[in-house]
Amino acid sequence: MKNLLPTILKISGVSLGLVIFAVVVFYFWASSNAYPQEKYAEVVDYPGSTPTTNKNEFTVITYNIGYLSGLTNNQAVDREKKLFDDNLKTVIDALKPLNADFIGFQEIDLGSKRSFKVNQVSELAKALSFNQAGIAINWDKTYVPFPYWPFSAHFGRILSAQAVFSRYPITNNKRIVLDKVASKPFFYNAFYIDRVAQVSEIKIDNRSLILINVHLEAFDAPTRKKQTEYIQKLLSEYVDKYPVLLIGDFNSTVPPIPENPQPTVDILLKTASIKSALPPEALNNPEIATFPSDKPEVKLDYVFYTPDNIQVVEWRIVNEVKQASDHLPVMVKFKFKD
């Protein structure tokens, strides 16, 4: 027995070493990027319609499309491709009649296992007859082991983004990565989505419009506060020179809820240079909530604008998309002040 003990210990040590080696190899492989980083802030052209010149009114929509997973977003469930195909059709049928000039999408996939490797940007841009899409990649991993169980529910290969669709030329498209969650371990952040501010400059006749499309931290309030404060500073670079639209999923609830007693979106609601397109006094109204899409209770999605040079004409929640995502879009019609 004594002679066997060293052998057993040796075998156990080798086995443990192999397991650790396999985990390390998997970590570096899975968390690696596979998409060319020079395309992380790309502008893609599509054969869209000819933009209208000397137009008086414009329409912008912000929509966290939840990679067309409907109410199953981030859940450990088996999904069929038909779910995504049906949701894609629902979104196209709902958005096409609105004839938006600009749409800012969050959580839109370009080729992910979780959404059956469909390029949702391309499919939607073509179906809605947009001329261009500015892309800001925020999730590019070889393999994402989430949801944690069962293994069959893992996201696997992920390529996801924020995107700005435009009928007018996008002359510049910047991707700014925001703060990560400092309290989380390194391996969590290695696989976690990048929270991004996408800044698109759009040429409309003889003026430039700055459209900032954001998707802020959902689960850690201190990080979301830092990100919101950064967005506030970012605005100061543009609001004195350009008309600005700030849109997206701010992951800050109005009205406040126990998990979010001090909404970070208040920082922007109190910023003098911008204004909420949906009247601040109406934000507590559940009739204009955007989440969850089946029984909306809170507002996570907003459109802000610079009141010095933009006038809001109309706004509403786009309920026609039904439950194609767990969010509902916000639509705003506006015009420029002369």
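The legends below describe close-up views of a predicted model of one protein chain.

**Figure 1**
The predicted chain is built from six helices and 13 strands. Its radius of gyration is 22 Å, close to the 20 Å that the globule rule gives for 338 residues, so the protein chain is as compact as a globular protein of that length. Taken along the principal axes, the box filled by the C-alpha atoms of the protein chain is roughly 90 × 45 × 35 Å. Of the 338 residues, 51% count as buried, and the accessible surface of the protein chain comes to about 16,000 Å², with 56% of that area belonging to carbon and sulfur atoms. Among contacts in the protein chain with a separation of 6 or more, 74% are made by residues 24 or more positions apart.

**Figure 2**
Seven strands, in the order β1-β4-β5-β3-β2-β13-β12, form an open sheet whose pairing is mixed. The edge strands are β1 (43–45) and β12 (310–317), each of which pairs on one side only, and from one strand to the next the twist averages 25 degrees. Strands of a sheet pair through backbone hydrogen bonds, either parallel or antiparallel.

**Figure 3**
An α-helix has 3.6 residues a turn, so residues three or four places apart point the same way. At the start of α3, a side-chain oxygen of N119 reaches to within 3.2 Å of the backbone nitrogen of V121. Just after α3, S129 takes a positive phi of about 60 degrees.

**Figure 1. Strand β8 between its partners β7 and β9.**
Eight of the nine residues of strand β8 (residues 207–215) are buried, so β8 is largely enclosed by the rest of the structure. Strand β7 (residues 196–204) runs antiparallel to β8 and is joined to β8 by eight bridges, whereas strand β9 (residues 244–254) runs parallel to β8 and is joined to β8 by six bridges. β7 and β8 form a hairpin with two residues between them, and D205 in the turn has a positive phi of about 55 degrees.

**Figure 2. V177 in strand β6.**
V177 has its place in strand β6 (residues 170–177). At 39% relative accessibility, V177 counts as partly exposed. Leaving aside residues up to four places away in sequence, V177 touches D194, R195 and V196. The C-alpha atom of V177 is separated by 14 Å from that of S200, a residue 23 residues apart from V177 along the chain.

Most residues other than glycine have a negative phi, and most peptide bonds are trans. L68, which is not a glycine, has a positive phi of about 65 degrees, and L68 lies in the loop between β2 (58–64) and α2. At 2% relative accessibility, L68 counts as buried. N251 also has a positive phi, near 50 degrees, in a residue other than glycine, but the place of N251 is in strand β9. N251 is buried, with a relative accessible area of 12%. The bond joining F291 and P292 is a cis peptide bond with an omega of about -15 degrees, and P292 lies in the loop between β10 (275–276) and β11 (299–305).

Definitions and conventions: Residues numbered from 1 in each chain as written. Predicted model: local features only at pLDDT ≥ 70, side-chain atom pairs only at ≥ 80, totals over all residues. Heavy atoms only, no water. Pairing = 2+ DSSP bridges. Helix = DSSP H or I, 4+ residues; strand = E, 2+ residues; numbered from the N terminus. Axes fitted to C-alpha atoms, helices over the stretch in contact; angles between N-to-C directions. Buried < 20%, exposed > 50% of the residue type's maximum accessible area, 1.4 Å probe, protein only. Rg over C-alpha atoms; globule rule 2.2 N^0.38 Å. Contact = heavy atoms within 4.5 Å. Areas by Shrake-Rupley, 256 points an atom, 1.4 Å probe, with all protein chains shown as cover. Polar contact = N/O pair within 3.5 Å; in protein donor to acceptor, adjacent residues only side chain to side chain.
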